[in-house]
Amino acid sequence: MSDAALGRSAGHALGPLGLAEPDGRVYAALVANPQSTAEELAEGCGLMFQQCVRALDRLAQQGMATRAPVDRERYLPVAPDVAIGTLIGHRESELRHARAEMHRLMDAFREASRYTDPAHSVEVLTGGEAIAQRLEHITETSRYQVRGFDRPPYIQDPVAEMPLQRRRLREGLRFRTVYDREAVAWPGRLEKNILVGVADGEEARVRPTLPMKMIISDDRMAIIPISVGDSVLDAAYVIHPSALLQALDTLFEAEWERAVQLQAALGTGDGSPEPDADHRKLLGLLAAGLTDESIARSLGWSARTTQRRLQALMRSLGATTRFQAGMAARERGWL
């Protein structure tokens, strides 16, 4: 085991640079006295010669020191902004991996515990940073789909770029989002965020209102920000596999079925901006709940003509079901 590892395992304090002693002390001395030998640095730092040599070797391995090109017995420091910047990058990477492993182990812990302790089915996160980290974690670790309800108010800027989501979309992860109309109307949100995601493959639909904000990862976890009135508290519920998570799954699918495709809600689907007379009659009969056969009799059309016009109407509205067609028509003011 290396001296640095021994120092950490023994509980030795890290220096201000985050290096185990005596590495930080040797680096600071080398910055102040470039072209020093190991003997000179050892004397200046109050170390044994071999201690200083091992510290210099570790600093060289971390890209913080190098031997002088002419006199190989002497050492040069790598510029602190480069050396310490690299060190910070390594530490941040280690922390990200540690955080991801912590979440993975907690998922396994809750899965093993939920049959004996129902309290593990619901977790409360506090703090915007903790919520953001968990959202990043489930986006990174979802296996086949991420589903969500998106509505104001927001903890973070909703117009910000989403590089992680874009990467996961390219990797084949399915994203399905139902947007509240206020989310679509949020300044800059549609052009800079929502339509960018749709261009990358996100499936987006719109509802006039949504019951809550929510994101579901596969069938294993949901996150619901805690809100009071129109304000969002700096906290969120995390729902793990349970009857509650199954209910949230059912709620999402019901709202998804009722929602209108984004293109239809924006009026950018195929078809004319206003329905013709036949389509208006057809919409009225659909809204009244008539069957295809009853519609055909009422309008004097054949069954084939009725089916063809129904399909054309639904295409123009971007709808796949009659219910969606009715909602889309209402959104456009056609009903």
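In this predicted model, Arg 166 pairs with Asp 200 in a salt bridge whose closest N and O atoms are 2.4 Å apart. Arg 166 belongs to helix H7 (residues 163-170) and Asp 200 to helix H9 (residues 189-200), so the bridge ties together parts that are 34 residues apart in sequence. Arg 166 is partly exposed, at 35% relative accessible area. Asp 200 is also partly exposed, at 24%.

The structure contains 16 salt bridges. One of them joins the side chains of Asp 218 and Arg 220, at 3.7 Å from N to O. Here the setting is buried. Asp 218 has a relative accessible area of 0%. Arg 220 has 14%, which also counts as buried, because the cut-off for burial is under 20%.

Arg 74 and Asp 71 make another side-chain salt bridge, at 3.3 Å from N to O. Arg 74 is partly exposed, with 26% relative accessible area. Asp 71 is partly exposed too, at 33%.

Now turn to helix H10. This helix covers residues 243-258, 16 residues in total. From first C-alpha to last, H10 reaches 23 Å, close to the expected 22 Å. Which residues of H10 are buried? They are Leu 245, Leu 248, Phe 252, Glu 255 and Trp 256. Viewed down the axis of H10, these buried residues fall within an arc of 105°, so they line one face of the helix. The face turned away from that buried side carries the exposed residues Ala 243, Gln 246 and Thr 250.

Methods: Residues numbered from 1 in each chain as written. Predicted model: local features only at pLDDT ≥ 70, side-chain atom pairs only at ≥ 80, totals over all residues. Heavy atoms only, no water. Helix = DSSP H or I, 4+ residues; strand = E, 2+ residues; numbered from the N terminus. Expected span 1.5 Å × (residues − 1). Buried < 20%, exposed > 50% of the residue type's maximum accessible area, 1.4 Å probe, protein only. Arc of directions from axis to C-beta. Salt bridge = Lys/Arg side-chain N within 4 Å of Asp/Glu carboxyl O.
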